[in-house]
Each structure stands twice: as structure tokens, then as C-alpha cells.
Amino acid sequence: MKVYMCKVWDGTLGDWVDIGVFSTCAKAMEGGSLYIVEACGDVKLLDWEHDANVYTDWYQDTNGRVFTRVVTEAEIDRSL
């Protein structure tokens with residue numbers, strides 16, 4: 001079973017914020033996006049890097065504050 005963990009670097013706080021663990025990559029990305037939009041409002045996507053199991057997106061708001069959303073895919077075992 002795969003899960004997707006999302007965390008966001010909040011440039012205003014100067015620290016990582018754990019957003020949560022999600023069942024799909026799209027849900028994890030949306031969770032991170034909602035946090036960023038709520039934290040600062042208008043942001044622009046500056047760059048992205050979507051590798052095998054890690055999806056990283058860099059953002060900046062109109063005041064120069066930076067945010068980074070990282071979604072990591074992980075395989076977890078499930079006993080039957």
C-alpha cells in the first residue's frame with residue numbers, strides 16, 4: 001500500500017510544517033497547496049522537481065516569502 005506524506009517549508013515561520021499523510025499524491029499536493037494559500041494568499045510557482053518518489057514545488061508570494069511543498073511517496077506493509 002502506498003501513502004503520500006506532505007510537508008511545507010513556511011518561509012514566514014522559518015520551519016517545516018507537517019501537513020499530513022494522504023491516500024493519493026493529488027490529495028497530498030492539494031493539502032499542501034491549501035496550507036500555502038491560507039498562510040499567504042497569492043503565490044506563484046517558481047520551479048518544481050518531480051522525481052521517482054519525491055515531488056518538490058517551490059513558491060514565492062508577492063512579499064518575497066518562500067514556501068516549499070514536498071510530497072514523499074512511501075510503501076507501507078500491511079499484514080493480513
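Colleague: Which exposed residues sit on the face of α1 turned away from its buried side?
Modeller: Ala-26, Leu-34 and Glu-38. Exposed means over 50% relative accessible area, buried under 20%, and partly exposed in between, with a 1.4 Å probe and protein chains only. This is a predicted model: local features need pLDDT of at least 70, side-chain atom pairs count only at pLDDT 80 or more, and totals for chains, interfaces and linings use all residues. Numbering starts from 1 along each chain as its sequence is written, and side-chain values use heavy atoms, leaving out hydrogens and water.

Colleague: And which residues of α1 are buried?
Modeller: Cys-25, Ala-28, Met-29, Gly-31, Gly-32, Ile-36 and Cys-40. Their arc around the axis is only 160°, which puts them on the same side of α1. The arc is taken from the directions from the helix axis to the C-beta atoms.

Colleague: What do those buried residues pack against?
Modeller: β1, β2, β3, β4 and β5. Contact here means heavy atoms within 4.5 Å. Helices (H or I, at least four residues) and strands (E, at least two) are DSSP runs, numbered from the N terminus.

Colleague: How far does α1 reach from its first C-alpha to its last?
Modeller: 23 Å for 16 residues, close to the 22 Å expected at 1.5 Å a residue. The expected span is 1.5 Å times one less than the number of residues. Gly-41 follows α1, with a positive phi near 90°.

Colleague: Now the sheet. In what order do the strands come?
Modeller: β2-β1-β5-β4-β3, 5 strands in an open sheet with antiparallel pairing. β2 (15-22) and β3 (43-50) are at the edges with a single partner strand each, so one side of each has no neighbour in the sheet. The twist averages 20° from one strand to the next. Two strands pair if DSSP finds at least two bridges between them.

Colleague: How many bridges join β1 to β5?
Modeller: 9, between residues 2-10 and residues 66-75, running antiparallel. Tyr-4 has Glu-73 in β5 as its bridge partner.

Colleague: What angle does the direction of α1 make with that of β5?
Modeller: About 160°, with α1 (residues 25-40) packed on the sheet. Axes are lines fitted to C-alpha atoms, for helices over the stretch in contact, and angles run from 0 to 180 degrees between N-to-C directions.

Colleague: How many bridges join β1 to β2?
Modeller: 7, again antiparallel. Cys-6 has Gly-20 as its bridge partner in β2. The hairpin of these strands has 4 residues between them, and Gly-14 there takes a positive phi near 70°.

Colleague: Switching to Arg-69. Buried or exposed?
Modeller: Buried, with a relative accessible area of 5%. Arg-69 is in strand β5.

Colleague: Which side chains does a polar contact of 2.4 Å join?
Modeller: Those of Arg-69 and Ser-33. A second polar contact, 3.1 Å, joins the side chains of Arg-69 and Tyr-59. A polar contact is a pair of N or O atoms within 3.5 Å; within protein, one must be able to donate a hydrogen and the other to accept it, and residues adjacent in sequence count only if both atoms are side-chain atoms. Leaving aside residues up to four places away in sequence, Arg-69 touches residues including Met-29, Gly-32, Ile-36, Tyr-55 and Asp-57.

Colleague: And Asp-18, buried or exposed?
Modeller: Exposed, at 68% relative accessibility. Asp-18 lies in β2. Not counting residues up to four places away in sequence, Asp-18 touches Cys-6 and Lys-7.

Colleague: How far apart in space are Asp-18 and Leu-46?
Modeller: 21 Å, C-alpha to C-alpha, and 28 residues apart in sequence.
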